[in-house]
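Let's take a walk through this model together, one element at a time. Have the sequence and the 3D view open side by side as you read.

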Amino acid sequence: METTVAYANDTKTMRKPHSRVVRKSSVSKKNEVPRTPESELMTVEEYFGILRKRVNDYYDSL
């Protein structure tokens, strides 16, 4: 009887090609939102005052 031996490390193993490395720093710079100066920002009281007026106008129209 003849015995056969199978080897795990065969010469016909497949190799994966090297993948390209992409830096994400250029992507994050494109998506930055410019900051608004503080003089153009709305205060909390102004925001809720406008919101309160809109809600009151909506319920008055019903």
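A salt bridge here is a side-chain nitrogen of Lys or Arg within 4 Å of a carboxyl oxygen of Asp or Glu. A search of the whole structure finds one such salt bridge. Before we visit it, a word on the ground rules. This is a predicted model, in which local features need pLDDT of at least 70 and side-chain atom pairs count only at pLDDT 80 or more, while totals for chains, interfaces and linings use all residues. Residues are numbered from 1 along each chain as its sequence is written, and side-chain values use heavy atoms, with hydrogens and water left out.

Start with the overall picture. The protein chain has two helices and zero strands; helices (H or I, at least four residues) and strands (E, at least two) are DSSP runs, numbered from the N terminus. How many of the 62 residues count as buried? The share is 0%, where buried means under 20% relative accessible area, exposed over 50%, and partly exposed in between (1.4 Å probe, protein chains only). The chain exposes about 7,600 Å², and carbon and sulfur atoms supply 54% of that area. Accessible areas come from the Shrake-Rupley method with a 1.4 Å probe; for residues, only the protein chains shown count as cover.

Now turn to helix α2, which covers residues 44-61. Its 18 residues reach 26 Å from the first C-alpha to the last, close to the 26 Å expected at 1.5 Å a residue; the expected span is 1.5 Å times one less than the number of residues. Zero of the 18 residues of α2 are buried, so the helix lies largely in the open.

Here we meet the salt bridge. K53 pairs with D57, and their closest N and O atoms are 3.1 Å apart. Why can these two partners be found about one helical turn from each other? Because K53 and D57 are four residues apart in helix α2, about one helical turn separates them. K53 is exposed at 52% relative accessible area, whereas D57 is partly exposed at 40%.

Next, look at the rings. The whole structure holds two aromatic pairs, meaning rings of Phe, Tyr and Trp (its six-membered ring) whose centres lie within 6.5 Å; planes under 30 degrees apart count as stacked, over 60 as edge-to-face and the rest as tilted. Y47 and F48 form an edge-to-face pair, 5.2 Å centre to centre with 80° between the planes. Y47 is partly exposed at 47% relative accessibility, and F48 is partly exposed with 43%. Y58 and Y59 are also edge-to-face, at 5.4 Å and 75°. Y59 is exposed, with a relative accessible area of 55%.

Finally, step back to M42, in the loop between α1 (25-30) and α2. M42 is partly exposed at 48%. Leaving aside neighbours within four places in sequence, M42 is in contact (heavy atoms within 4.5 Å) with Y47 and I50. These three residues belong to a nonpolar surface patch that also includes V44, F48, L51, V55, Y58, Y59 and L62, among others, with about 1,100 Å² of accessible area together. Patches are made of residues with over 30% relative accessible area and no salt bridge: like charges are joined within 9 Å, nonpolar side chains (Val, Leu, Ile, Met, Phe, Trp, Tyr) within 5 Å.
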